[in-house]
Amino acid sequence: MAISVFDIFRVGIGPSSSHTVGPMRAAALFIRMLSHREMLPRVARITVDLMGSLGATGKGHSTDTAFVLGLMGLEPETLDVDAEPAILADIRDNRRLKLGGESEIGFEWDRDITFSPEKIARFHTNAIDVAALDAEGHTLLARRFYSVGGGFVVAGSEENPDIPEVPAAFNQVVLPYRYKHMVELIAFCGRDGKTIPEIVRENERVWRTDEEIDRELDHIWSVMKEAMDRGLRTEGMLPGAYKVARRAAGMKRRLEKISLTDDPLAVLDWVCSFAFAVGEENATGGRIVTAPTNGAAGVIPAVIEFYRQFVSGADQKGIRDFLLTAGAIGILFKTNASISGAEVGCQGEVGVACSMAAGGLAAVMGGNAYQIENAAEIGIEHHLGLTCDPVAGQVQIPCIERNAMAATQAIAAARLSMAGNGRHYISLDEAIQTMLETGRDMCNKYKETSTGGLAVCIVEC
């Protein structure tokens, strides 16, 4: 299956790629299925069952509201986040919903949306069963969708929802450089005398011209930067019962009064503020970039901003090469393991983001393929076993601080790799496999269910 860098980096909305962005896309896909079969005018009711992790933490992650917006045909890339509250209030107050923005049906929020954390689908815990009924209550169409991490959505087979469908188009793409593992990517670099970002760009040319690739990469960075800038200037509280205070703006004000000559380690404080800013924007449902998930969306922007402000010779080409390299590493994790916290814990989100950021930074600091691979391996190795245990099912505690810590660790990993020649004992491919096996062994209560770990310590203590 051919995956693009722009499948790993997607513009969306917070707070979660798997629990918000994915369900919104699934709902919009269901509406397109109904429209394609000319069933939309006959629909009188829609029922939704949010299963597994989506049922356990869906309210904290706004899964129900995201799915409703998707039923209206809205997409996370283009949703007007400022208009969203009024749209949802109108649906709740009037108990009416326009499917795809056209056919209006009655909609009872508490009746038509069910949370079923006890239902664990065989293929993936993030499962959604949705059905369209006619005026007599007969089922017109029923489908299952899986939100498998990073905003990716897979439809279950219509005949057997436990079996995922793979779009035929995925198998028709022929890439000039076909690799599944980092060792193969490194071999291509040596054989053809190319850097990792050059090889990744060659593959991206299957879908886009160089001008389009650059434009998309620049757009990805601009959305990251805008989210960071908003977070650095916005005060107040994050939504939710615990009234978590936003910290990025205050961190920025304090740091502006500090000289790096007096405190050289203030650079790390700046990096933390960058990560906090994006994490806080994500937590409020703002527009961010999945990198590779929403829960880890602050890591890569923070490290790129570190590169921009504190690495000599930083330029726009460097940012593009950073994203191409980081995207390639993300594809390796997506292909060979998982980027879903509900499947492998937070090692698959913040850990993968750290690995991607470390590899991207090593690339723009002049690292060769071996040093890039080494940086990425260090980044994931020291996140192995990291649980996904969000307090109150929200990406606030401990998620935002985890982004900041991972960003600083990514910088350390890149610098460690650059201090050597890239030769080391454990390969990135072996670390990815270890992450997958660790995730499989991890108890389910530590995989985005908010039933274990830090998610319950406030209550239990």
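**Close-up views of the predicted model**

View 1. With a relative accessible area of 33%, I397 is partly exposed. Together with Y242 and I458, I397 makes up a nonpolar surface patch. The accessible area of these three residues together is about 250 Å².

**View 2. The second largest pocket and its lining.** Two or more lining residues come from each of helix 2 (17-36), helix 4 (63-71), helix 5 (84-94) and helix 12 (266-283). Sorted by class, the lining of the second largest pocket contains 11 nonpolar, 10 polar and 7 charged residues.

**View 3. The salt bridge between E158 and R37.** Among the 33 salt bridges of the structure, one joins the side chains of E158 and R37, with an N to O distance of 2.8 Å. The two partners belong to distant parts of the chain and are 121 residues apart. E158 is located in the loop between strand 8 (152-155) and helix 7 (168-172), whereas R37 is located in the loop between helix 2 and strand 2 (45-51). E158 is partly exposed, at a relative accessible area of 36%. R37 is likewise partly exposed, with a relative accessible area of 36%.

**View 4. The salt bridge between E235 and R253.** E235 and R253 form a salt bridge in which the closest N and O atoms are 2.2 Å apart. Because E235 lies in the loop between helix 10 (210-233) and helix 11 (248-255) while R253 lies in helix 11, the pair ties together parts that are 18 residues apart in sequence. The relative accessible area of E235 is 44%, which means that E235 is partly exposed. R253 also counts as partly exposed, at 44% relative accessibility.

**View 5. The salt bridge between D269 and R254.** A salt bridge links D269 to R254, the closest N and O atoms being 3.5 Å apart. D269 belongs to helix 12 and R254 to helix 11, so this pair ties together parts that are 15 residues apart in sequence. D269 counts as partly exposed at 25% relative accessibility, and R254 is partly exposed with a relative accessible area of 41%.

**View 6. A network of salt bridges with shared partners.** K194, R201, E202, R205, D210, D214, D218 and R320 are joined into one network.

**View 7. S147 within strand 7.** S147 is placed in strand 7 (residues 139-149). The relative accessibility of S147 is 1%, and S147 therefore counts as buried, the cut-off for that class being under 20% relative accessible area. From S147 to L54 the C-alpha to C-alpha distance is 8.9 Å, although these two residues are 93 residues apart in sequence.

Key. Residues numbered from 1 in each chain as written. Predicted model: local features only at pLDDT ≥ 70, side-chain atom pairs only at ≥ 80, totals over all residues. Heavy atoms only, no water. Patch = residues over 30% accessible without salt bridge, like charges linked within 9 Å, V, L, I, M, F, W, Y side chains within 5 Å. Areas by Shrake-Rupley, 256 points an atom, 1.4 Å probe, with all protein chains shown as cover. Salt bridge = Lys/Arg side-chain N within 4 Å of Asp/Glu carboxyl O. Buried < 20%, exposed > 50% of the residue type's maximum accessible area, 1.4 Å probe, protein only. Helix = DSSP H or I, 4+ residues; strand = E, 2+ residues; numbered from the N terminus. Nonpolar A, V, L, I, M, F, W, Y, C, P; charged D, E, K, R; others polar.
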